[in-house]
Amino acid sequence: MRSLLAAAASVTLLLTALAGAKAVDYDIVYVRAPRFGDNQNSNWAEVFNPGVMDAGADLMLLHPDGSEELLVAGGR
């Protein structure tokens, strides 16, 4: 859970920095996925293996004011 919050904070910080360069007036959809540390890789869905992804990722919506909305909760 702590790594998930750290990843979300990193994304929010990055988007805030980017927003400072140019204001974003639209919502951004992103995937918030758990991170397993520095020594273990995570699996992400991609074009050749769209069904291969670690469980627990959430589909999120980031509003221009910085608030987040959970669209689809990740499962086990």
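Biologist: Which backbone nitrogen does the side chain of D54 reach?

Modeller: A polar contact is a pair of N or O atoms within 3.5 Å; within protein, one must be able to donate a hydrogen and the other to accept it, and residues adjacent in sequence count only if both atoms are side-chain atoms. Here the side chain of D54 reaches the backbone nitrogen of N43, at 2.8 Å. This is a predicted model, in which local features need pLDDT of at least 70 and side-chain atom pairs count only at pLDDT 80 or more, while totals for chains, interfaces and linings use all residues. Residues are numbered from 1 along each chain as its sequence is written, and side-chain values use heavy atoms, leaving out hydrogens and water.

Biologist: With which residues is D54 in contact, apart from its neighbours within four places in sequence?

Modeller: Contact means heavy atoms within 4.5 Å. On that basis, D54 touches F36, S42 and N43.

Biologist: Is D54 buried or exposed?

Modeller: Buried means under 20% relative accessible area, exposed over 50%, and partly exposed in between (1.4 Å probe, protein chains only). D54 is buried, and 14% of the 76 residues of the protein count as buried.

Biologist: Why does L71 count as partly exposed?

Modeller: L71 is partly exposed because its relative accessible area is 39%.

Biologist: Where is D54 found?

Modeller: Helices (H or I, at least four residues) and strands (E, at least two) are DSSP runs, numbered from the N terminus. D54 lies in the loop between β1 (28-32) and β2 (58-62), whereas L71 belongs to strand β3.

Notes
Lys and Arg count as positive and Asp and Glu as negative; His and the chain ends are not counted. A salt bridge is a side-chain nitrogen of Lys or Arg within 4 Å of a carboxyl oxygen of Asp or Glu.
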